[in-house]
Amino acid sequence: MEDQHGQVWIGLLYAGLLRYRNGRFDQFSAKVPGAPERGVRALLVDRRGRLWVGTRNEGLLRVDNLQAETPAFTTYDRSVGLSSDLVGALAEDLHGRIYAA
């Protein structure tokens, strides 16, 4: 998934999330608070420039500042109302609402 800054985000099945920028890869996994440990299933950059990450066991994650050296992750999971911690698809409608399936 490419964001509005030209950075490329890659979800990995067993190793979290990668960001490619300035000719190098940065890995965000269990060493970064809130980052997915593994099992990234879906990525979406919304119209506001936020990255949404659907995971296999960690629910839905959101990153607001995609250019930060170490992005902050916000987690939405069963503890806040999701019916499952498995999010395999993401979409945004014409009103900017995010759908996680």
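Arginine 97 pairs up with aspartate 93 in a salt bridge, with the closest N and O atoms 2.7 Å apart; the term covers a side-chain nitrogen of Lys or Arg within 4 Å of a carboxyl oxygen of Asp or Glu. Aspartate 93 is buried at a relative accessible area of 15%, while arginine 97, at 46%, is partly exposed (buried is under 20% relative accessible area, exposed over 50%, partly exposed in between, using a 1.4 Å probe and protein chains only). The model is a predicted one, where local features need pLDDT of at least 70 and side-chain atom pairs pLDDT 80 or more, while totals for chains, interfaces and linings use all residues. Residues are numbered from 1 along each chain as its sequence is written, and side-chain values use heavy atoms, leaving out hydrogens and water.

The structure has nine salt bridges. A network of them ties together Arg19, Arg21, Arg24, Asp26 and Glu69. Within this group, aspartate 26 meets arginine 21 at 3.8 Å, and both residues are buried. Arginine 24 and glutamate 69 also form a salt bridge, again 3.8 Å from N to O. Arginine 24 is partly exposed at 44%, whereas glutamate 69 is exposed at 51%.
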